[in-house]
Each structure stands twice: as C-alpha cells, then as structure tokens.
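Me: I have a structure open and would like to go through a few parts of it with you. Could you take it slowly?

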Amino acid sequence: MSKKVIGVIGGAGSGKSEVLKIMEKSYNAQIIMADEVARALQQPGQAPYEQIVNVFGSGILCPDQTINRQALASIVFNDTQQLKKLNDIVHPAVRRRIEQLILQSRCPVVVLEAALLVECGYRGLCDEFWFVRTSARVRRERLKQTRNYSDEKIDALMKNQLSDEEFIKNSDRVIENNSTVEALEKEIAAAMHHLYAQPE
C-alpha cells in the first residue's frame, strides 16, 4: 500500500490540531507542521537563519544569538515589502524541507498542516486536501477559550483567511467538526476509507 499524503486546511479555531492528534494516534500518521519546520530552519546554523540575519540585521537577535521572533514580527508587520523579503527566504526553504520529510517518512500516512497550504501551492505534494469545516460561532468560542482572543482579534483573523467557499473549492473532502471528538473520529474514519478506496 503506497504512502498517502493529506493536507489539512481550515480557518483558525476549526480544530485542525484535533484532527492531527486523531490521525497520529489512530492511523500512525506522521504529522508535519509547516510552522515547526519554519521555526527549526530559523535556528543558528541553518541557511535561512543566516539569510534572515543578513537581510534584517543583527538587531533582531537575542543575546543567545537566536532570532527574536517578536522583533522580526514588528519589522514585517504592516510592511508588505519586508514581509515579502522574509517569505522569499522562508517559504522555499520550508517547502524543500517538507518534501524531504515526506520522502523520508516510513509512516503509511503523512499529514501536512500549514496556514497557507492553498495559497503557497502545496496541492501538488498531497494526495488529498481535507477541509475542516466548523461554524463561525464554534470557532469564535474555541478561540476565546483556548487562545483568549478578543472579538476584535477574531474578526481581524477571520477577515484575513479564506472563506469556507474558497476552502471547499480547494479541498477533496470536507471534515465536519462542530460537535464531539467521537463525531470527528467518525468523519475521519470515513475520509480514510474513501482515501484508500481510491484506485492507485
């Protein structure tokens, strides 16, 4: 049985992390989170780290020479040119590393999670994209409870993310996540059955 690669997409508060947990525990999936890959590549000794320091200067470094993420964020926040410079360094390096990790994985399923899977063109790396669909009301409740976000922050976040229609247009399967973990497990079981029923 060949290795399957699933991209998990969805807005903030949709419960993607719960999907990843279930996939890892119940299906022996390797989880690759683009944020974690990006963080690792921004550590001293990594090529992207050197490039970032060259472009943004040593003022973004902590005393231990690691990148001060807040200092860097304050430079690129609201400055599209600076953000593009950072993305042009980080995104290609992250993609190359993710491709390596998929290739090296010995797990039957690899699950890829990234905020911009659709926008950054990861479709070609995945067998399927799963959209975790959750109502705006439930997402709001989750973001308030788990991240302590204000209504204003949630409004801004949701405005900057793809709409449900856009996500659906770019997905192969919709995973409903509006109620219990048990209901979510059933959704995933059905999706996995469908995935492996596909002809190779």
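What follows is a chat about some helices, rings, cysteines and loops.

Me: Before we start, what kind of model is this?
Reply: This is a predicted model, so please keep that in mind as we go through it.

Me: OK, at what angle do helix α4 and helix α5 pack?
Reply: Helix α4, which covers residues 69–76, packs with helix α5, residues 80–104, at an angle of about 130°, and their axes are 7 Å apart. That angle makes α4 oblique to α5, because the oblique class takes in what is left between roughly perpendicular, which ends at 115 degrees, and roughly antiparallel, which is over 145.

Me: And which residues make that contact?
Reply: On the α4 side they are Leu72, Ile75 and Val76, while α5 brings in Gln82, Leu83 and Leu86. If you sort these residues of the contact by kind, five are nonpolar, one is polar and none is charged.

Me: What sits in the loop between α4 and α5?
Reply: Asn78 lies in that loop, and its phi is near 65°, a positive value in a residue other than glycine.

Me: Is Asn78 buried or exposed?
Reply: Asn78 is exposed, with a relative accessible area of 73%. Asn28 is partly exposed, its relative accessible area being 49%.

Me: Changing topic, how many disulfides are there?
Reply: The structure holds zero disulfides. Cys107, for instance, is in no disulfide, and the nearest cysteine sulfur to it, that of Cys126, is 15 Å away; a disulfide would need the two sulfur atoms to be within 2.5 Å.

Me: Now the rings: how many aromatic pairs does the count come to?
Reply: The count comes to one aromatic pair. The rings of Phe131 and Phe167 have centres 5.0 Å apart and planes at 15°, so the pair is stacked, given that planes under 30 degrees apart count as stacked.

Me: Where in the chain are those two?
Reply: Phe131 lies in strand β4 (residues 128–133) and Phe167 in helix α8 (residues 164–169), so the pair ties together parts that are 36 residues apart in sequence. Both Phe131 and Phe167 are buried.

Me: What does Gly10 touch, leaving out residues up to four places away in sequence?
Reply: Gly10 touches Lys16, Val132 and both members of the ring pair, Phe131 and Phe167. Gly10 is placed in the loop between β1 and α1, and with a relative accessible area of 9% Gly10 is buried.

Me: And Ser171?
Reply: Ser171 is found in the loop between α8 and β5, and Ser171 is buried, with a relative accessible area of 16%. Not counting residues up to four places away in sequence, Ser171 touches Ile9, Phe129 and Phe131.

Me: Last one, is Val8 buried or exposed?
Reply: Val8, which is found in strand β1, is buried, with a relative accessible area of 0%. Leaving aside neighbours within four places in sequence, Val8 is in contact with several residues, among them Val19, Leu20, Leu117 and Trp130. The C-alpha atoms of Val8 and Ala115 are separated by 9.3 Å, although these residues are 107 residues apart along the chain.

Note on methods. Residues are numbered from 1 along each chain as its sequence is written. This is a predicted model: local features need pLDDT of at least 70, side-chain atom pairs count only at pLDDT 80 or more; totals for chains, interfaces and linings use all residues. Side-chain values use heavy atoms; hydrogens and water are left out. Axes are lines fitted to C-alpha atoms, for helices over the stretch in contact, and angles run from 0 to 180 degrees between N-to-C directions. Helices (H or I, at least four residues) and strands (E, at least two) are DSSP runs, numbered from the N terminus. Angles under 35 degrees count as roughly parallel, over 145 as roughly antiparallel, 65 to 115 as roughly perpendicular and the rest as oblique. Contact means heavy atoms within 4.5 Å. Ala, Val, Leu, Ile, Met, Phe, Trp, Tyr, Cys and Pro count as nonpolar, Asp, Glu, Lys and Arg as charged, and the others, Gly among them, as polar. Rings of Phe, Tyr and Trp (its six-membered ring) pair if their centres lie within 6.5 Å; planes under 30 degrees apart count as stacked, over 60 as edge-to-face and the rest as tilted. Buried means under 20% relative accessible area, exposed over 50%, partly exposed in between (1.4 Å probe, protein chains only).
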